[in-house]
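Hi everyone, thanks for coming. Today I'd like to walk you through one protein model, piece by piece. Have a look at it first, and then we'll start.

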Amino acid sequence: MCPYTIKKTILIVENNTLIAKDLREIAEEMGHLVIDTVPTVSQAKAYIDTTSLDLVLIDINLGDHEDGVSLGEYLLKKDAVPYMYITGACSPDVLDRVKETRPYGYLVKPYKKIDVEASITIILNNFIHRKIDVQRQKDENISEIPFILKKAIEFIDANIYEKIDINDVVAKTNWSYTHFLRVFKEYVGMSPYQYVLQKKIKKALAQLVETNLPISQIGYNLGFESHGTFSNTFKKIAGQTPESYRKQKAVENNFLK
């Protein structure tokens, strides 16, 4: 099980009720919210068009007039939500169609639980950074924006245990404050303030499991002004209080021993 998870919203598109239930349980055990499991492309599109999602898991053989690949084509055009296929369909013809939709992952049934967990974790991380990963930039005429944003993000990561002033982050770019906010959200998918908080809570998740530090001390170490502020932020991002998260992980670790 992946121990340090920030809660994300997932849609599962699968017409096999047993597999849909299994995927839901895996995602929920990771700490994510599965908003629904639906068996058809049309139902999935309704959610995609009206709901804020972080990931879509798609079966290909849906037994409908539209298969999962057509949903992948739809998501590719939107370019707003990452998606992966979890399917038993792996014929050359299917794979040729799948490649054209450029999914973020592809698992063949029967899958292992750990493979689903690892794929979800990696996809969610890579999608956030997809536009600022300078190592993926191969065109010599690409925009300088990813390189400039990388400096800002490196500053955030290096100072995550401090109280970060966004003005100090902006100073790493030589942009105006408003331009920085607009570009950061466009490329990273969230405001710099939200990014900082998510990074801090990710550190807190690890410390709650790996250390015996008092919760108030963990919050203070990460630059939060009070236990209440830390606890409220933690609950908003992780979906539960730091106290309940630590207790939950202690129970799970004792069960696995």
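Let's begin at proline 110, which you can find in the loop between E5 and H5. One thing to keep in mind as we go: this is a predicted model. What kind of peptide bond joins lysine 109 and proline 110? The bond there is cis, with omega at about 0 degrees. Now look at the loop between helix H4 (92–100) and E5, where arginine 102 sits. Arginine 102 is not a glycine, and still it has a positive phi, of about 45 degrees.

Five strands form an open sheet, in the order E2-E1-E3-E4-E5, and their pairing is parallel. Which strands stand at the edges? They are strand E2 (33–38) and strand E5 (105–108). Each of these has a single partner strand, so one side of each is left without a neighbour in the sheet. On average, and ignoring direction, neighbouring strands here are turned by 15 degrees against each other.

Let's zoom in on one pair. Strand E1 (residues 9–13) and E2 run parallel, joined by five bridges. If you'd like one example to find on screen, take valine 13, whose bridge partner in E2 is valine 38. Then look for helix H3 (residues 68–78), which lies across E1, strand E3 (55–58) and strand E4 (83–87). Relative to E4, helix H3 runs at about 170 degrees.

Next, the empty spaces. Rolling a probe the size of a water molecule over the atoms shows where such space is left. How much space lies in the largest pocket? About 860 Å³. Its lining is made up of 30 residues, and those nearest the centre are Lys8, Asp54, Gly189, Met190 and Gln198. Four helices each supply at least two lining residues: helix H5 (113–128), helix H8 (177–188), helix H9 (192–210) and helix H11 (227–238). Sorted by class, that lining has 14 nonpolar, seven polar and nine charged residues.

There is also a cavity to look at. The count comes to one cavity of 30 Å³ or more, and the space in the largest cavity is about 60 Å³. By class, the lining divides into four nonpolar, four polar and two charged residues.

Let's finish with one of those names, glutamine 240. Where is it found? Glutamine 240 is in the loop between H11 and helix H12 (242–256). Its side chain makes a polar contact with the side chain of serine 244, at 3.2 Å, and another with the side chain of glutamine 248, also given as 3.2 Å. Leaving out residues up to four places away in sequence, glutamine 240 touches Phe234, Lys235, Tyr245 and Gln248.

That's my tour, and I'm happy to take questions!

Notes:
Residues are numbered from 1 along each chain as its sequence is written. This is a predicted model: local features need pLDDT of at least 70, side-chain atom pairs count only at pLDDT 80 or more; totals for chains, interfaces and linings use all residues. Side-chain values use heavy atoms; hydrogens and water are left out. Two strands pair if DSSP finds at least two bridges between them. Axes are lines fitted to C-alpha atoms, for helices over the stretch in contact, and angles run from 0 to 180 degrees between N-to-C directions. Contact means heavy atoms within 4.5 Å. On a 1 Å grid over the protein atoms alone, a cavity is a set of points where a 1.4 Å probe fits but cannot get out, and a pocket is an open set with protein on both sides within 12 Å along at least five of seven lines; lining residues have an atom within 4 Å of a point. Grid points are joined across faces, edges and corners, and a volume is the space filled by probe spheres set on the points. Ala, Val, Leu, Ile, Met, Phe, Trp, Tyr, Cys and Pro count as nonpolar, Asp, Glu, Lys and Arg as charged, and the others, Gly among them, as polar. A polar contact is a pair of N or O atoms within 3.5 Å; within protein, one must be able to donate a hydrogen and the other to accept it, and residues adjacent in sequence count only if both atoms are side-chain atoms.
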